[in-house]
Amino acid sequence: MAAERWSSRLGFLLAAVGAAVGLGNVWRFSAVVGQNGGGAYLVPYLLAAVVCAVPLLVLELAVGRTLRTDVVSAFRSVGVGYTAFGWFVVGGVLLVLSYYLVLTGWVLGFLLSWLGGSGTTFETFTVGWLPFGYFVLVTALAGGVVSLGVRDGIERMSRVVMPTVFAVLVALALYAVTLPGWGRAAAFLFTPRFAVLSDPGIWSAAFGQVFFSLSVGQGIMLTYGSYVEEGTDLLRSSLLVTVADIGAAVVAGLVIFPIVFSFGLEPTLGTELAFTTLPTAFASMPFGRVVAAGFFGLLFFAALSSAVSLLEVGVAAATNTTRLGRRRATLLLTGGVFLLGVPSALSYGPVGLAVAGRPVLDLVDESVGTFALPISALLVLFVFVWRADLDAVHESLGPLYPLVRYVVPVVLVVVTAARALGVARPAWRLLVERTRDGPVDLLATVLVLLVFAAVGWWLRERLPTPRRPRRGR
């Protein structure tokens, strides 16, 4: 049983929004919109949020609140044989976190550079060892927040960070209105071109972005749901989180696209847009240093809050399935994630670590970063909808139940298959300017995550006896 709880509904909402709003909302949303026809993309994106992401978000929160435990123990409570699925999910989350922290370190480095007045670019930033140092720093920072616990660490950080993120985002959007390219940017973002909706790539990208952005299917919301009080309206909370997440992405677009169109930049880039082309524009625009510091500041805080939520999934599992206390579990897992992230951190810079000519960070992003999330989401649906059939979860889902039982699994399978076959545009990726995903990356993801599943299978009889969930009618 989870002993910790959020101190209030507001604290829970801010933490959940912090988990959802991250790097994907700021630079990735704009890049995917740019690649997929601007306003045309918003139609399937909003549909995906309502039909798929919200029901899955409610499901995870309901399972967490019902079972009051971590991801691994939740799977095991349905059946000891499902323990391996729990470790499969946790392993994917930690692997994603390992390179997500590298990107977060880059953002912190750019923030400090622009605050200091040097205004670095990606080429100069990655020449030396500073990026690795920032990776060490943000890893320690995320571990420090999680070690303090749910209320004193995660919730307290969210109460400060998330209002700051939205305040800076709105301030930058107001500044963007003064730029000459604002009118063109608004038209690009909000004028739909319905003719392109027949392109399956747009639908794939939209559904993939919604799942990625809202942090569903990764066990984050299941873990956070275990800290929620009984009287919380999960559907209303899920809608609020979704609105905040979509709002942050759209406002970020209203910040980035005016800069893009005002300075003749390419709107379809991913990491290159954030770390190469936008800094060039910042250097030549009025108040560019202030704008750059605000942009990288909100990007850093958003990334940090998401990194904390990813780490909490592993820490909660470790503390509930072993005799480790929170601080020791956090220390061990943070160290493990750091070691997993070292190859990605060495991909750019003096070492230039690569496999078959592909930087390790890109390789991890193109494999685990792309396919771990949909596979994990399918496991959550299979076990907690098709096998467990929990009364409380049924009640929380209400009319959304048919969606999570029939519609969402089909969507996940179709989009994942399309991605593996290379017939769809990037769905869950962060490095969206490279599109070499395929069956090999899917196979690599499955093989890596099977290692975690094998460990979970070996440990299944060594964990405490789980509390059996109450089955539905």
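Salt bridges are our theme, and there are five of them to count here, a salt bridge being a side-chain nitrogen of Lys or Arg within 4 Å of a carboxyl oxygen of Asp or Glu. What you have open is a predicted model, where local features need pLDDT of at least 70 and side-chain atom pairs count only at pLDDT 80 or more, while totals for chains, interfaces and linings use all residues. Residues are numbered from 1 along each chain as its sequence is written, and side-chain values use heavy atoms, leaving out hydrogens and water.

Start by selecting Glu230 and Arg68, whose side chains form a salt bridge at 3.1 Å, N to O. This pair ties together distant parts of the chain, 162 residues apart: Glu230 sits in the loop between α11 (220-225) and α12 (234-262), Arg68 in the loop between α3 (39-67) and α4 (71-78). Helices here are DSSP runs (H or I, at least four residues), numbered from the N terminus. Is each partner buried (under 20% relative accessible area), exposed (over 50%) or partly exposed (in between; 1.4 Å probe, protein chains only)? Glu230 is exposed at 54%, while Arg68 is buried at 5%.

Next, pick Asp152 and Arg156, bridged with their closest N and O atoms 3.7 Å apart. Both are in helix α8 (residues 150-176), four residues apart, or about one turn of the helix. Asp152 is partly exposed at 45%; Arg156 is exposed at 53%.

Last stop: select Arg326 and Glu312, which meet in a salt bridge at 2.9 Å, N to O. Arg326 belongs to helix α15 (residues 326-345) and Glu312 to helix α14 (residues 288-321). Both residues are buried.

Key
Helix = DSSP H or I, 4+ residues; strand = E, 2+ residues; numbered from the N terminus.
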